[in-house]
Amino acid sequence: MTVALNGQTIFITGSGGVLGTAYVNAMLENGATVIGSDLPGHRADAMKERFGANPNFAYYDLDMGDEDAIVGIFQKMAADGLNPNVVLNNAAITGELLMGAGKPFPDFANTSISDWEKTLRINLTAPFLIARQMDRDIVGKYPAKLINVASMYALNGPHHQIYEGMPFKSFSAYSTTKAGIHGLTLWLAGYWAKRDCTVNTIAPGAVFNGHSDEFQRRVGELIMAGRMADPKEIADVMIFLCSENARYMTGQLVNVDGGFSGW
Ligand SMILES: NC(=O)c1ccc[n+]([C@@H]2O[C@H](COP(=O)([O-])OP(=O)(O)OC[C@H]3O[C@@H](n4cnc5c(N)ncnc54)[C@H](O)[C@@H]3O)[C@@H](O)[C@H]2O)c1
């Protein structure tokens, strides 16, 4: 799909992940200037290696757990001549991330406050801090868009049995934060409407990332399309939301889940 993103400067948090990388790729292909950010580490390094030579790509280390870093990020970009008009709150503590880091997935009864609070901090408080900083530095100065990222597990519960015997699970704090972030979208959409800033939520479905045949079979049965998504299929909708074509949308939750939520 080709959607013109010329003239859009898009800032993405957590851009080194499975979907973030697909978004950056699609946005650059569609003519945007893209500002990636992530925790320092191998994902950030891979991102710089893949896109660093593209003159329309810039990258900043940004730990979403660091309030001071978030407070300074838009000024830092502006000092480098980058003024994003689209902001994508994409970074999150995800099952993918925890599995990749070899973290255990405790039962609900053994979920610690520290794991719960860390997930709330990165998946909900940090997007609030990004939005608060947009309010201070961007909103009202020029037309802008904020896109928050929820999940198929925001407004629909997981079928817990599909995780039996798998190296990962869905976890309660994740669903809680993904439901919560749409509340932030709804609150801000009206608050910023007169300052020409739209706010929407995208809720991706189950994205294929090397999952076993058995997991694909189990989750596929729950999805109208019968299969997991290719990251590009989520990116196609994301670039529409980032484009001027989406200018009359605000306060919406867009499910891109192959029909998981549509039964
Ligand atoms: N992949 C899916 O199936 C799926 C489904 C629904 C929603 N989502 C959502 O889409 C978004 C991207 O998911 P993904 O699949 O690419 O996951 P991912 O785990 O591959 O990527 C998440 C990224 O966030 C970054 N991150 C984590 N903590 C951070 C911090 N403190 N500071 C900065 N960056 C941090 C990670 O380094 C990683 O690059 C997430 O919000 C996720 O909840 C994904």
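## Reading the fold, step by step

A: Let's start with a pair of helices: α1 and α8 are oblique to each other. Please keep in mind that this is a predicted model.

Q: At what angle do α1 and α8 pack, and how far apart are their axes?

A: Here is the general idea: two packed helices are described by the angle between their axes and the distance between the axes. In this case, α1 and helix α8 (residues 231–242) pack at about 55°, and their axes are 9 Å apart. An angle of 35 to 65 degrees falls between roughly parallel and roughly perpendicular, so α1 and α8 count as oblique. The crossing of α1 past α8 is right-handed.

Q: Are α5 and α6 roughly parallel or roughly antiparallel to each other?

A: Use the angle again. Helix α5 (residues 113–137) and helix α6 (residues 172–192) pack at about 20°, with 9 Å between their axes. Angles under 35 degrees count as roughly parallel, and α5 and α6 are therefore described that way. Their crossing is right-handed.

Q: Now the sheet, please. What is the order of its strands?

A: In general, strands of a sheet pair through backbone hydrogen bonds, either parallel or antiparallel. Here there is an open sheet of 7 strands, ordered β3-β2-β1-β4-β5-β6-β7, and the pairing is parallel. At the edges are β3 (57–61) and β7 (253–256), each of which pairs on one side only. From one strand to the next, the twist averages 20°.

Q: How many bridges join β4 to β1, and how many join β4 to β5?

A: Strand β1 (residues 9–12) is joined to β4 by 3 bridges, and the two run parallel. On the pairing of β4 with strand β5 (residues 144–149), there are 4 bridges, again with the strands running parallel.

Q: What does the pairing of β5 with β6 look like?

A: β5 and strand β6 (residues 197–204) pair in the parallel sense, over 6 bridges.

Q: Is T177 buried or exposed?

A: Burial is read by counting neighbours: a residue is buried if 20 or more other C-beta atoms lie within 10 Å of its own. T177 sits in helix α6 and counts as buried because it has 24 C-beta neighbours inside 10 Å. T177 and N123 are 54 residues apart in sequence, yet their C-alpha atoms are 5.9 Å apart in space.

Q: What about L188?

A: L188 also lies in helix α6. With 23 other C-beta atoms within 10 Å, L188 is buried. L188 and N110 are 78 residues apart along the chain, and 35 Å separates their C-alpha atoms.

Q: Where are D196 and H159 found?

A: D196 lies in the loop between α6 and β6. D196 has a positive phi of about 60°, although it is not a glycine. With 14 other C-beta atoms within 10 Å, D196 is partly exposed. H159 is in the loop between β5 and α6, and its 13 C-beta neighbours inside 10 Å make H159 partly exposed as well. H159 and R218 are 59 residues apart in sequence and 9.7 Å apart in space, C-alpha to C-alpha.

Q: Finally, how many residues surround the ligand, and which are the closest?

A: The shell has 28 residues, and the closest to the ligand are G14, G17, M64, A92 and V207. The elements giving two or more residues to this shell are α1 (18–29) and α4 (95–100). α1 gives the most, with 3 residues.

Q: How do the residues of that shell divide into nonpolar, polar and charged?

A: The shell around the ligand has 15 nonpolar, 9 polar and 4 charged residues.

Technical notes:
Residues are numbered from 1 along each chain as its sequence is written. This is a predicted model: local features need pLDDT of at least 70, side-chain atom pairs count only at pLDDT 80 or more; totals for chains, interfaces and linings use all residues. A residue is near a molecule or strand if its C-beta atom, placed from the backbone, lies within 6 Å of it. Ala, Val, Leu, Ile, Met, Phe, Trp, Tyr, Cys and Pro count as nonpolar, Asp, Glu, Lys and Arg as charged, and the others, Gly among them, as polar. Two strands pair if DSSP finds at least two bridges between them. Axes are lines fitted to C-alpha atoms, for helices over the stretch in contact, and angles run from 0 to 180 degrees between N-to-C directions. Angles under 35 degrees count as roughly parallel, over 145 as roughly antiparallel, 65 to 115 as roughly perpendicular and the rest as oblique. A crossing is left-handed if the near helix is turned anticlockwise from the far one by less than a right angle, and right-handed if clockwise. A residue is buried if 20 or more other C-beta atoms lie within 10 Å of its own, exposed if 12 or fewer, and partly exposed in between; C-beta atoms are placed from the backbone.
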